[in-house]
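Reader: Can you walk me through this one? I'd like the layout before I do anything with it.
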Amino acid sequence: MAKTTPNHTQTVSGWAAHDSSGKITPYTFKRRENGVTDVTIKILYCGICHTDVHHAKDDWGITMYPVVPGHEITGVITKVGSDVEGFKEGDKVGVGCLAASCLDCEYCKTDQENYCEKLQFVYNGIFWDGSITYGGYSQMLVVDYRYVGSAQNLSNSNFITTLNLILNVTFFFCYLIIFYHVIVLSQRMNIIFLTQDKKSN
Ligand SMILES: [Zn+2]
Ligand SMILES: [Zn+2]
């Protein structure tokens, strides 16, 4: 169950799965206020990826219901925190599957946040304030600007093309995550097998 924090005051309409049937229904929830390093994004489009389906149906046994999927997010910035660099209101942007990382380790300092041990995802993750993250099947998103990609300086016709590019890039990350899950699961299974071997000896 999502931990309610005092600054989660913004009411947002979205779509959530509530159990392993995977059925997505309208869902109203809260998002945090826009912090100093956050931008608020009015979501215009969000891709539907098979990872979203896996999470909705709890195929990997890690879903925290209710889950608001969606990690291929595009939209327009409506609010900018005081410490945000490189973005302004009205900018067209995209957000992938990452919502938070330590920003201090060797990976975070070399633009490889996806390897950070403290990495958290844009939905079904746990943000620093203890709240469960909710994804892009919703009206708006509050996100740290360091996990936002710019789609600015594009005409509206090119915006759609760029959205496709962003979606393709996030698809790529998504496959990396699936690959990661497969590796981790196989390693865990090896550990179990090794433990069983030890016990049987
Ligand atoms: Zn890190
Ligand atoms: Zn995906």
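Predicted model: local features only at pLDDT ≥ 70, side-chain atom pairs only at ≥ 80, totals over all residues.

Reader: Fine. How many helices and strands are there in the protein?
Author: The protein has two helices and nine strands. Starting at the N terminus, they come in the order β-β-β-α-β-β-β-β-β-β-α.

Reader: What percentage of the residues is buried?
Author: Of the 201 residues in the protein, 31% are buried.

Reader: And the contacts, what share comes from residues 24 or more positions apart?
Author: Such pairs account for 67% of the contacts with a separation of 6 or more.

Reader: On to the sheet. What's the strand order?
Author: There is an open sheet of five strands, ordered β8-β3-β4-β5-β9, and the pairing is antiparallel. β8 (140-144) and β9 (148-150) are the edge strands, each pairing on one side only. Neighbouring strands in this sheet are turned by 45° against each other on average, direction ignored.

Reader: How many bridges between β3 and β8?
Author: Five, with the two strands antiparallel. Within that pairing, I41 sits opposite L141 in β8.

Reader: Is β8 mostly covered or mostly open?
Author: Mostly covered: four of the five residues in β8 are buried.

Reader: Next, β4 and β5. How many bridges join them?
Author: Four bridges link β4 (residues 73-80) with β5 (residues 92-95), and the strands run antiparallel. I73 has V95 as its bridge partner in β5, and G75 faces V93 in β5.

Reader: Which way do the β5 residues point?
Author: K92 and G94 point one way from the strand, V93 and V95 the other way, and all of them are buried.

Reader: Now the core. How many residues does the largest nonpolar one have?
Author: It has 30 residues. V39, I41, V95, L141 and V143 have the most contacts inside it.

Reader: Which elements give two or more residues to it?
Author: β1 (10-17), β3 (38-46), β4, β5, β6 (98-100) and β8. β3 gives the most, with four residues.

Reader: Why would residues like that gather at all?
Author: As a general point, nonpolar side chains in soluble globular proteins tend to be buried together.

Reader: I41 keeps coming up. What is I41 in contact with, leaving aside neighbours within four places in sequence?
Author: With G75, V76, I77, T78, V93, V95, M140, L141 and V143. Two of those, V93 and V95, are β5 residues that point the same way from their strand, and L141 is the residue opposite I41 in β8.

Terms used:
Residues numbered from 1 in each chain as written. Chains lettered and ligands numbered in written order. Pairing = 2+ DSSP bridges. Axes fitted to C-alpha atoms, helices over the stretch in contact; angles between N-to-C directions. Core = buried A, V, L, I, M, F, W, Y, C linked by C-beta atoms within 7 Å. Buried ≥ 20, exposed ≤ 12 C-beta atoms within 10 Å, placed from the backbone. Contact = placed C-beta atoms within 7 Å.
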